[in-house]
Structures are given as C-alpha cells and as structure tokens.
Amino acid sequence: MDLESIFPRLQEIIAQWLSSFLPGWLAELLVILMVVLAIVLMMVVVVMVLTLLERKILGRLQDRIGPNRVGPYGVIQPVADTLKLLFKEDIVPEKADKLLHLLAPIIIVVPALMVWAVMPFGKKLVAADLNIAVLYVIALGSVTSIAILMAGWGSGNKYSLLGGFRAVAQLFSYEVPMGLAVLSVVMAAGSMSLQSIVKAQSPLPFAFVQPIAFLIYFICGVAEVNRSPFDLPEAESEIIAGYHIEYTGVKFAMFFLAEYINTFAVSAMVVTLFLGGWKGPILPSYVWFFIKVAIVVYVFFWLRASFPRLRIDQLLNFAWKFLVPLGMVNLLVTGIVVKLNVPVWLTVPAYWAGNFVIGVIALYLLTRFTPKKTPVSLR
Amino acid sequence: MLNQYLFIGILALASFAVPVIGIGFAWLISPKRANPLKRSIYECGLETIGETWVQFRVQYYIYALVFAVFDVEIAFLLPWAVAYNRLGLVALVDVVIFLGILATALAYAWRKGALRWS
C-alpha cells in the first residue's frame, strides 16, 4: 500500500468494519463524525504548535530565546497556557451587552473551523470537494468580521469598539482586492473547486504565472487575519488589545484559537491557490502541503518581526486606491491573455509580459503619487 | 454531492460545539468571585467617561457602502470567471463594460472624497 492513499484506505476499512454490525446510514454518519473530529483535533494541535512556534521564532528574530522553561525547549508551554486559560475566572464587564459578549467568541470559531471542509490536504485528502469552494471560503471570511464587531460592540469598552470598527473597515476593504485576485486564478483554472485549481497548476504554480495576483492575495491575506503590519484592530500600544480586551479565560482563548486557525487557513489558501497546493516530487502529497503551508506561516511570523504597524488611513488608502484598481487591471489582463489564443508554450510568457507591464506601471504610480506628508490620523 | 453538504452541516454543528463545550467546561471549573472593581470597564485604569455606544465616525459607514458595491461585483464575476474559457470574445467585452462602470463608481467616490480619511 502506498503512502498516498493511506488515509482514504483507513477510512474505507473503518467504514466497512462499522457497516458490518450497524445500519448503513448510522455507519456513514459515524464515518463523517470521525472525519469532523479529525479536522477539529488537528486544528487544536496546529494552534498549539503555532503559538509555541510564533513565540520561538519571534524570539529568535529579536535576538531572544523565547519560551524555554516548561519542558525541553519549552515544548509543553502551549499545554500550560491552555490549562491556565481554562482555570481563569470569567469576567463579564458590567456595561457589556451580555448576549453579544457571550456569542462573539463562539461565532468567531465557527468559520475558522468550517473552512477546512474544502481544503485539499492531499491528492486524495479533501473532506468535501465542493464545486463552489472558492465562494465558500470568501463567504466564511466575512463571517469573522461580524463576530469581531459583536465582540467590540458587546464589550461596552471604548477601545474594544474602536478595535471592532477598525477590524470591520479593514476586513471589508481587503476582501475586495482579495476577491479580484482570486477571480484571476479561477479564470485561469476554469473552476471554483480547490482540487481542480491545484490540478490546473501545471507545469508552473500560479504564483509564477500571475505574480501580481499572488502578491495582492498575500497582502490581503495578512490583512484578513489581522496580523502585523495590518494588526490595527488589536494594536496593543494604541487601543490596548482592540476587540478582545474584556475577555478572559476560555473566551479569550477562543479568539486566540480562531486567529491562529485563520492564519493557518490563509496560508493554506495561498498555497492551494498560488503555490501548487499538495503538488511536489517524491514525498506524499499531504507532506508537501504541510511543508509549503509551514513556509508561508513562517513568512507571516517574519513579517510581524520586520514591519511597523500602519495607520488606519494608510491602510484603507492602500486597499482602495492601490490594490483595488490594480486588481481590476490584473483581472482584465488575465482575461485578455486567456482569450489571446496563443500556442500553449507562449501562454506563460504572455502572462509574464502582462504582469510585468502592470507591475512597472503600478510601481511607478505608487512612488509618484504617494503623498510625502499625510495628515495626522485621528483614530 | 448531497453527502458533501451533509458533511459541511455536521462540521458546522461541531464548530459550534467546540467553543460551547470549552466555555461551558470552563464555567464549571473556574472560580466565580466577581466584584464591582473587577467588573468595571478596563480602559487603562481610568474610570470610563461618558457613554460607549455613541454615534461614531460616519467614515466607516461610507467605506462599508463602497464595499457593498464591490462585493456584489465579485459575486457577479465569479460565475463569469468559471465559464470564461467556454465563452466567446463577447464575454471579455461585457466585462470590460462592467468593470468600466465600477471603475467609474470608484473614481466618483474617490473624487467626492469618500475615500479620504479626515
């Protein structure tokens, strides 16, 4: 048995074993539940690993050691953190909107976990290969902003409210160029199913065919998960911690969980849409998927160590006055290249030429029209 | 096909269950010794002044309006993008017109100062 089909085979064996003594529908349901449980558990483990890795990597990048007290090299630090958060007192502020305050940490986890239903982990490893997967992922992305606004508003804290407003403005603004970048990929692949998009990326991944769409998607991805340098909604030094100031214990842990799962999900989307997904030589496909995602996540951490935070007006201007027009032009150029009817070997150079021209013009406009002095931003 | 949506439905229920179980379990084992000082709003230690839920910066609302236009655009363009390979050259012309209208809208909003943070 090859390593590639080990998980589908395992599922088959369990399904057969279950249906030998259970009615068919129950066996099927149990198999689905098993996969769901696997996804949820995997995500919890991923979050634990990511929290430790982020602190370790950030420590190294800042010439520190990072956590190293709990267990060898601090590897069981996440377990200690989880236990601590579990035993913390749950404090609900007096002025809070109790219902919204309770609902926000629940709702924020839902889209974060649901994204994984359509993610192709490997050649034969996708839970539900929807034919509208791209739309599904975009739709779930906007649910997060509702939860954040609920948290910001429901806490009854002025800083939370500011964080909530900022988060919504940011997520909304960056969703548009993100969608435009995804459109050009969908157009080139001719499908919205993530599995077909991965398969369409031969011989070159889309990142090398459409570098501009890749860059737009990557920047918007960083903004979508509120990571530095786009971490205005939770800027510690200006608005304490934004929308999750008034949360303690497990409720705070839920925001944390969702944020890290989302980081991982956006990295997985970058890999799936632009870096060839699970494709790779020799190693099994799911191993390649995780290697690539780990590299993208590392770049996310690296960005956090390298860039200062933007101001809200810079952030919104960058989205609306640069990324959106760029995305629209990029979409048109992709459309023209697809319709050019050039021979196959000329398609990629045609993309390159188009992207090069847009890139040069965009960079010129960016340097030409970036105001040297921007008004002092207020909030 | 139906199985996939069944899976997503069950995953949605499970995703709800995870935070609910987590918060419920913590509610069982965590201490509950709230006092007025603890339950006050945390704004860097100062007493909070005035109402929190006030009418606030119409700017955010304007961005949301502009966003609504463009989000609908993406919803319209997705089916177009999927079918693009099978459509004739007219599909490209259609979208040039469609994007042109939207670009005009963006330019209008820009010109009107809706995108200026002041």
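User: Leaving aside its neighbours within four places in sequence, which residues is A:Ile219 in contact with?

Analyst: In this predicted model, A:Ile219 is in contact with A:Tyr174, A:Phe230, A:Phe318 and A:Leu323, once neighbours within four places in sequence are left aside. Contact here requires heavy atoms within 4.5 Å. As for A:Tyr174, which lies 45 residues away along the chain, its C-alpha atom and that of A:Ile219 are separated by 8.6 Å.

User: Why is H9(A) called largely enclosed by the rest of the structure?

Analyst: Eleven of its 14 residues are buried, and so the helix is described as largely enclosed by the rest of the structure. Among the buried residues of H9(A) are A:Phe214, A:Tyr217, A:Phe218, A:Cys220 and A:Glu224. The helix runs over residues 211-224 and reaches 19 Å from its first C-alpha to its last, close to the 20 Å expected at 1.5 Å a residue. After H9(A) comes A:Asn226, whose phi is positive, near 55 degrees.

User: Why does A:Ser173 count as buried?

Analyst: Its relative accessibility is 1%, and buried means under 20%, so A:Ser173 belongs to the buried class. A:Ser173 is found in helix H6 of chain A, which covers residues 158-189.

User: How do you know that the side chains of A:Ser173 and A:Trp320 are joined by a polar contact?

Analyst: The contact joining these two side chains is 3.0 Å, and a polar contact calls for a pair of N or O atoms within 3.5 Å, so the pair qualifies. Apart from neighbours within four places in sequence, A:Ser173 is in contact with A:Leu316, A:Ala319, A:Trp320 and, from the other chain, B:Tyr63.

User: What makes A:Gln195 buried?

Analyst: A:Gln195, which lies in helix H7 of chain A, has a relative accessible area of 5%; the cut-off for buried is under 20%, and therefore the residue is placed in that class. A polar atom of its side chain lies 3.5 Å from the backbone oxygen of A:Lys123. Not counting residues up to four places away in sequence, A:Gln195 touches several residues, including A:Pro120, A:Asp129 and A:Trp278.

User: How much area do chain B and chain A bury between them?

Analyst: They bury about 7100 Å² between them, with 76% of it on carbon and sulfur atoms. Helices H1, H2 and H3 of chain B each supply at least two residues of the side of chain B that touches chain A, and H1(B) gives the most, with 20 residues. In terms of residues, 73 of chain B are in contact with 87 of chain A. Between the two chains the count is zero salt bridges, whereas three residue pairs are in polar contact, both residues being at pLDDT 80 or more.

User: Where does H2(B) bend, and which proline follows within four residues?

Analyst: H2(B) bends by about 30 degrees at B:Leu77, and B:Pro79 is the proline that follows within four residues. The helix has 26 residues, 58-83, and reaches 39 Å from its first C-alpha to its last, close to the 38 Å expected at 1.5 Å a residue.

How values were computed. Residues are numbered from 1 along each chain as its sequence is written. Chains are lettered from A and ligands numbered from 1 in the order in which they are written. This is a predicted model: local features need pLDDT of at least 70, side-chain atom pairs count only at pLDDT 80 or more; totals for chains, interfaces and linings use all residues. Side-chain values use heavy atoms; hydrogens and water are left out. The expected span of a helix is 1.5 Å times one less than its number of residues. The bend at a residue is the angle between axes fitted to the seven residues ending there and the seven starting there. Buried means under 20% relative accessible area, exposed over 50%, partly exposed in between (1.4 Å probe, protein chains only). A polar contact is a pair of N or O atoms within 3.5 Å; within protein, one must be able to donate a hydrogen and the other to accept it, and residues adjacent in sequence count only if both atoms are side-chain atoms. Buried area is the accessible area (1.4 Å probe) that two parts lose on being put together, summed over both. A salt bridge is a side-chain nitrogen of Lys or Arg within 4 Å of a carboxyl oxygen of Asp or Glu.
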